[in-house]
Each structure stands twice: as C-alpha cells, then as structure tokens.
Amino acid sequence: MKAKILYVEDNELNRLLVRRLLEPHGYIVIEAVDGISGVKIAEQEVPDLILMDINLPLMDGHAATTRIKSLERLANVPIVAVTTHAMEGDRERSLIAGCDGYIRKPIDVETFPKQIERYLKGDRERVEDDGGEAYYKEYSVKLVNKLQKHIEELELKTQLVEKQSKEMQEAYLGIILSFVHAVEEKHAYTAGHSARVRAYSLKIGEKLHLSLEEMENLTQGALLHDIGKLVVEISSLRNVDRLSSEEWEEMKKHPEIGYRILKPIKFLSGLINIVHQHHERWDGSGYPQGLVGDQIDFLASIVAVADSYDAMTTNRGYNQVLDIDDAKKEFKKCSGTFYNPIVIDAFLEVLDEMKNRKASRTASAVEPD
Ligand SMILES: [Fe+2]
C-alpha cells in the first residue's frame, strides 16, 4: 500500500518541491498550509508520516506537533521537522516538542527520499534524556491544548460575527433596494426594470460560466445599477424622450452619482464598477469616463447589454418596442462597437432560448386536449 505523507508547509514552492521528490517514489502527498489546518487534516487523514515546517502561520510547527502527539490515534504517527536551521538548539526543541526527526532546509534532493524511507521504516531520533524532557513534554502538551481551546473559541466567535454582519448587510441592502423600487414604481415604464435587468444579466452570466462571487456581484449590481437616478431630477426621468440638452447632461450624471452613493459601503465594493460603468460603450462613446474595450468592467458590460435589451423591449411611451428578432439584429449590428462581443455572443444564445421557450408555450396553448 502507498504511504500517505502529510506536508504542513506555508511556502508553495517548498510544497511543490516535496511533491515532485516524493510522488515519483509512489508516495501520496497531502498538504496543509498552516498549523491549525495541519492538525485538522492529520485527524481526518491519519497519514503514515507528517513532515512539519516550524515557522507556520496561526499555530507554529512545534505547537502543532505537540497537539498531534497528544491525540490518541495520531500519537504513533512519526513527525519529522523540516526547517531552516535558525539557531542553536532547534533540533532539540523540535524533538522535545514531539518530533521524531529533523531535516534541515534547503532540502537535499539526492538524500531526501531515502531519509523519508528510513523514517517510514521506524527510524527515530531522540534527545539525550536529562530528566527534564518528560516534564517539559507534559508542560508543553498542556500549553498547546489550552491554545487549541482558545483558537476554537475564537473560531466560533468569528463565525458568529460573520453571520451577524451578513444579516446586517442583507438588511442594509434591503433598505437601499426599497428606495430603488420606490422610484421605479412611480413610472410605468421603469416598473420592474432592475429586476428584469438582473434576470437577463444572470442568464448571460450563466452562459459565460461566471464564478459564484461574480454571479452574486452581478445580481446586486444589476439591481442597483440605476441607483444614481434617486438623485437625478425626477422631471428628467419622466420626460426622458423630450429632454433638453441641460436635462440630458443631468441625466448622464446618474452612474457617477450612483458610484458616489455606494462607494463608502465596503461590502458592495465588488459591484461598484457595474454601477459606475453600465453606460460605457465598447468603442469609447459611452459615459461617464469614455472607457474603451477591456477597460470596461466585464460585469458592467453584461449589465449594459441587459439594460439596453430591457429598454428596447418595454414600452416607454416614446420608443418603438422591438421583438426578440429585431433586438437580435440590433445587438449583432452593435457587437464590437457599442457592446462587448463576448457578451453579445452569449446573449444571442440566451435570446434564442427565450424565443424557443416562447414558441413552445404558444404551441402548447393551441394544442387540442
Ligand atoms: Fe442607467
């Protein structure tokens, strides 16, 4: 059976090196990046050998070793300290902490696999017993157990704080959204606009296989994209088809205003560019910054397409309402000029699916029972 080796090491290059040295010899190498996760993974995996860096974040290698050795089912798993020799007595300290061996960094690539084989076969290093070792060992076990308990309590408290802050964020967001809805619902042509923009944006996001975090930002960003209109003169919003040049200039401020409203809210930092840049255009003809191509935030370029589609397909009193085919033609025409071509390719697929669903709904409605 292949021996399973856990390497607890925060340095990625060292982890890579050890994997490259040991895997060709048939060992299974698993990894942990700090002392606390090292103890946890050791408990879960019960490896045949543990290689332990000493200078580790959260809990150092000596404390992690002492903790592991105090657990009944892991007490006999050999632990070898792999560390840079920093000061006199490092080896002895590692062995008193419970390590069964000591390998100095930089690792000697020639001898390393042989050393590992020897430890796996039962080779153990011990310090000369001066009578104090047992006492120090017991003392350090007690200290480490106390430390572990503190860390666990701290983890629980952190989880609680995170949960409460998430709830507060949701409540906060709920209040902001209520304002957005209140403004939208005042005018028939914008009622439900941000909810529809969210729905189209998410469909595009799914097609583009966005990450969970990006989808979350897209959801909230699409809902909040026009929040700056809260401050724009209401008469401008009502008569959007007959704006004077001054009113139009006023209207064009809403992305910048929205950006300024949301900027102090830290937990919304991932979506602030959506609000700021949803009227930017691929060829640089948009506003407020006149960004070009990839300078435009990718999520903002998704919301730009969804926003335009909703404007094309809802009756705003002054526009010709387009059907899906006409909208498709419009987007194809403006791909690479107004809109990001990658987003348009994804959205054309979304529109085809919407059209097919619509057609099958109509067909089933006329089918005889
Ligand atoms: Fe807008």
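Visitor: Where is Val46 found?
Guide: Val46 sits in the loop between helix H2 (35-45) and strand S3 (49-52). Helices (H or I, at least four residues) and strands (E, at least two) are DSSP runs, numbered from the N terminus. Residues are numbered from 1 along each chain as its sequence is written. This is a predicted model: local features need pLDDT of at least 70, side-chain atom pairs count only at pLDDT 80 or more, and totals for chains, interfaces and linings use all residues.

Visitor: What is the phi of Val46?
Guide: Phi is positive there, about 40°, although Val46 is not a glycine. Most residues other than glycine have a negative phi.

Visitor: Why does Val46 count as partly exposed?
Guide: Because Val46 has 13 C-beta neighbours inside 10 Å. A residue is buried if 20 or more other C-beta atoms lie within 10 Å of its own, exposed if 12 or fewer, and partly exposed in between; C-beta atoms are placed from the backbone.

Visitor: Which residue other than glycine has a positive phi near 70°?
Guide: Leu58. Leu58 is in the loop between S3 and H3. With 14 C-beta neighbours inside 10 Å, Leu58 counts as partly exposed.

Visitor: Let's zoom out. How many helices and strands are in the protein?
Guide: The protein has 15 helices and five strands. Its radius of gyration is 31 Å, well over the 21 Å that the globule rule gives for 369 residues, so the protein is more spread out than a compact globule. That radius is taken over C-alpha atoms, and the rule is 2.2 Å times the number of residues to the power 0.38.

Visitor: What box do the C-alpha atoms fill?
Guide: Roughly 95 × 50 × 45 Å, taken along the principal axes.

Visitor: And what share of the residues counts as buried?
Guide: 31% of the 369 residues.

Visitor: Now helix pairs. At what angle do H7 and H8 cross?
Guide: Roughly 155°. H7 covers residues 193-207 and H8 covers residues 212-224, and their axes come within 8 Å. Axes are lines fitted to C-alpha atoms, for helices over the stretch in contact, and angles run from 0 to 180 degrees between N-to-C directions.

Visitor: Are H7 and H8 roughly parallel or antiparallel?
Guide: H7 and H8 are therefore roughly antiparallel to each other. Angles under 35 degrees count as roughly parallel, over 145 as roughly antiparallel, 65 to 115 as roughly perpendicular and the rest as oblique.

Visitor: Which residues in H7 meet H8?
Guide: Ser194, Val197, Arg198, Ser201, Leu202 and Gly205 in H7. On the H8 side are Glu214, Met215, Leu218, Thr219, Ala222 and Leu223. Two residues are in contact if their C-beta atoms, placed from the backbone, lie within 7 Å. The residues of this contact divide into six nonpolar, four polar and two charged. Ala, Val, Leu, Ile, Met, Phe, Trp, Tyr, Cys and Pro count as nonpolar, Asp, Glu, Lys and Arg as charged, and the others, Gly among them, as polar.

Visitor: What about H3 and H4: how do they cross?
Guide: The axes of H3 (residues 61-69) and H4 (residues 90-97) come within 8 Å and cross at roughly 30°. H3 and H4 are therefore roughly parallel to each other. His62, Thr65 and Thr66 in H3 meet Arg93, Ser94 and Ala97 in H4.

Visitor: Which residue does a cis peptide bond join to Pro106?
Guide: Lys105, with omega about -5°. Pro106 is in the loop between strand S5 (101-105) and helix H5 (112-120). A cis peptide bond also joins Tyr287 and Pro288, with omega about 10°.
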